[in-house]
Amino acid sequence: MHKNEKIGYDRREFLKGGTAIAAATAAGVLSPTGIALAQQAKLRVGLMLPYTGTYTPLGVAITNGFKLAVQERGGKLGGREIEYFVVDDESNPAKAPENTNKLIQRDKVDVVIGTVHSGVALGMAKVVRETGVIWINPNAGADEVTGPLCAPNIFRTSFSNWQNTYALGKVVKQRGHKTAVFITHKYAAGEQMMSSFKDAFEKEGGKLVKELYLPFPQVEFQALLTEIASIKPDAVVAFFSGGAAVKFIKDYQAAGLKGKIPLYGPGFLTDGVLEEVGDAAEGMETTLHYADGLDTKKDKAFRLAYVKAYKLQPDVFAVQGYDAGQLLAAGLDAVKGNVGDKAGMIKGMEAAKIDSPRGAFTLSKAHNPVQDIYLRKVVGKQNKVMSVAAKALADPARGCKA
Ligand code: BEZ
């Protein structure tokens, strides 16, 4: 796909680099028998995800989903058993380069799976571009990852921050709302989701009258909720996730705003939190690339298997982790487990049609899912699918020199 000279490094050098097998093969250290033996060695998979802090449930769900995809293939990918190397990235962007380097330089992983937080992903991108290690991003939506920072070795099985709130802008206007306030944490994900919502909402004739931010991962919402009450917009749109989403939804109700000003969001706001928020989310509408009640064969099988394995209901994060496992399997199958054949692996991943619980999807040229965005409504403990808000929506991949 990419012309590497345009993104700062040479494709042939890149395709040689990265893994121990690739380096040894390039140096002539491994004979054909040596390559065969190396293919039988365990595949070294680095998991870099948050296991502490507000995004912990997301990191755990992604890990569970990924491991389920591996279990379904008899504990092997491309015929090779897996050895996991795990780093808790704490959703801390400042530690991202060091944490990524730990996996690549110290643990010599063949592939990196991570992460949740967009700021951390931006730190990872620099390191994986330099080293050429294959990186599958199972959540973080930073637009740059499949935009100006796109590269042959960078893949995403989740979404770009642009996608879900772009679809939401139209929905909120269609509900008859003329004005809206957007509230979120101040970092790449919140700002980018706000921006694509604003674009779509204002294109339809609405007006985003205020952007409200608080520093990540603070959850002291009271002052901002008081401000919303005084602005009296027609609608509020919020992006929070994990622990912060639970607190925000409850605080919104406690502030007396539920039932007065309708609350919308990208579905990260209500996925994985409904057990904890009680009736505070009832009736909320969100847009997301996954929903409850899709009623497809694949989704039913996935949900049954997930509940059986973990005694928990899956959410969108579990789906994204599962699909990261499926995408890696496609790449490894294409090269029969030989991660030294990076070009072959990339080709296999680029050509994959992922049979996802969300619905089958393919990857764009920039390696981001082209996918349906659902309109969902909270009914009891479900983010029930209502309709398709945007069909086969592809991220515009601005700045990707593919
Ligand atoms: C992000 O930082 O990209 C993100 C975090 C949680 C949910 C969705 C996106």
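Predicted model: local features only at pLDDT ≥ 70, side-chain atom pairs only at ≥ 80, totals over all residues.
1. **How to think about empty space.** Rolling a probe the size of a water molecule over the atoms shows where empty space is left. Keep that picture in mind as you turn the model around.

2. **The largest pocket.** Start with the largest pocket, which holds about 470 Å³ of space. Its lining is made up of 22 residues. To find the pocket's centre on your screen, look for G272, E275, Q313, P314 and D315, the lining residues nearest to that centre.

3. **Where the pocket sits.** The largest pocket lies between domain 1 (7–159 + 295–367) and domain 2 (162–288 + 375–393), because both domains give residues to its lining.

4. Sorted by class, the lining of the largest pocket has nine nonpolar, six polar and seven charged residues. Remember the charged ones for point 7.

5. **The ligand.** Around the ligand you will find 16 residues, and the closest are V116, H117, S118, G141 and Y187. For V116, a backbone N or O atom lies 3.3 Å from an oxygen atom of the ligand. G141 also brings a backbone N or O atom to an oxygen atom of the ligand, at 2.9 Å. Y187 uses its side chain instead: a polar atom there lies 2.5 Å from an oxygen atom of the ligand. On its own, the ligand has 260 Å² of accessible area, and the protein covers 100% of this.

6. **The cavity.** How many cavities of 30 Å³ or more does a search of the whole structure find? The search finds one. The largest cavity has a volume of about 90 Å³, and 16 residues line it, with V116, N139, F159, Y187 and F239 closest to its centre. Its lining has eleven nonpolar and five polar residues, but no charged residues. Domain 1 (7–159 + 295–367) and domain 2 (162–288 + 375–393) each supply at least three residues of this lining.

7. **Two names to remember.** V116 and Y187 are among the residues closest to the ligand, and both are also among those closest to the centre of the largest cavity.

Technical notes. Residues numbered from 1 in each chain as written. Heavy atoms only, no water. 1 Å grid on protein atoms, 1.4 Å probe; cavity = no way out; pocket = protein on both sides within 12 Å on 5 of 7 lines; lining within 4 Å. Points joined across faces, edges and corners; volume = space filled by probe spheres on them. Nonpolar A, V, L, I, M, F, W, Y, C, P; charged D, E, K, R; others polar. Domains from an automatic or database assignment. Near = heavy atom within 4 Å. Polar contact = N/O pair within 3.5 Å; in protein donor to acceptor, adjacent residues only side chain to side chain. Areas by Shrake-Rupley, 256 points an atom, 1.4 Å probe, with all protein chains shown as cover.
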